[in-house]
Amino acid sequence: MNPRRGSSPAAKLWGHLRTTLIEGIVILIPLAITYYIVAWMFNAIDGVLKPVFEQAAGLSIPGLGFIGLVVIAYLLGLAWRKRIGRRVIRALGQSILHIPVVGAIYGPARQLIVSFRGDSAAGFKRVVLVEYPKQGTWMVGFLTGITGIGTAHIMGVVYLPTAPTPNSGWVAVIPVREIFDTTMTVQQAMQMVLSGGISSPLQIDLKPMDPQEAAAYLEQGGAATVS
């Protein structure tokens, strides 16, 4: 009786090597991508502050600028936890907002970064889906406000993040009847965008946005954010 095809020692060895290598590559590629992204961020941050700290310390130490940034961030966070520190930081922020050009950049940038926390009045709190770029294709977005075009059209202002960098994206003004509320949390939506869709909810329930709610919001002259 002839042995089955592929049962020879050489075939078994090749099958073992192929399977093991594929599994190793699947593990290695995400690690390599993470390494290069972290290394790029590290070098970019380190390159900004490293010359300053090297000149102050009189030493050339790799990563000195990055460590300095971490220390500065910690000190700022520590100051924010104190009432007087919070007042000083807020006053400084308000002063920056009044500087021509600089204020126009600082204001939206700060509001966008704070929004990703999702735990403040200015944060993204409402995850929606809109059909874009064509009917039947859905895109995850964050409802940030309601506005009106003329007197007959009530529109939703939706921030549409791009993957895998949600801090970049664009703002779309969409009729509220074309905006659908979801059961997703901000954290789930962010994980979905950051992972390129790999980390997605098993099911996303949709509900058309209530036009009466949007109309009432406009009549009240609402704030910039819909919660």
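A: **The salt bridge and its setting**

One salt bridge is found in a search of the whole structure, a salt bridge being a side-chain nitrogen of Lys or Arg within 4 Å of a carboxyl oxygen of Asp or Glu. The model is a predicted one, in which local features need pLDDT of at least 70 and side-chain atom pairs count only at pLDDT 80 or more, while totals for chains, interfaces and linings use all residues. Residues are numbered from 1 along each chain as its sequence is written, and side-chain values use heavy atoms, with hydrogens and water left out.

The partners are Asp-181 and Arg-126, whose closest N and O atoms are 2.8 Å apart. Asp-181 lies in strand 5 and Arg-126 in the loop between helix 4 (102-115) and strand 1 (127-131), so the pair ties together parts that are 55 residues apart in sequence. Strand 5 itself covers residues 179-182. The two side chains also make a polar contact, at 2.8 Å; a polar contact is a pair of N or O atoms within 3.5 Å, where within protein one must be able to donate a hydrogen and the other to accept it, and residues adjacent in sequence count only if both atoms are side-chain atoms.

Asp-181 is buried, with a relative accessible area of 12%, and Arg-126 counts as buried at 12% relative accessibility. Here buried means under 20% relative accessible area, exposed over 50%, and partly exposed in between (1.4 Å probe, protein chains only). Of the 227 residues of the protein, 25% count as buried.

As for the fold, the protein has six helices and six strands, in the order α-α-α-α-β-β-β-β-β-α-β-α from the N terminus. Helices (H or I, at least four residues) and strands (E, at least two) are DSSP runs, numbered from the N terminus.

Patches are made of residues with over 30% relative accessible area and no salt bridge, like charges being joined within 9 Å and nonpolar side chains (Val, Leu, Ile, Met, Phe, Trp, Tyr) within 5 Å. Arg-86 belongs to helix 3 (residues 83-97) and is partly exposed, at 30% relative accessibility. A nonpolar patch, with about 1100 Å² of accessible area together, includes Leu-13, Trp-14 and Leu-17; accessible areas come from the Shrake-Rupley method with a 1.4 Å probe, and for residues only the protein chains shown count as cover. Leu-17 is placed in helix 1 (residues 9-57) and counts as partly exposed at 40% relative accessibility.
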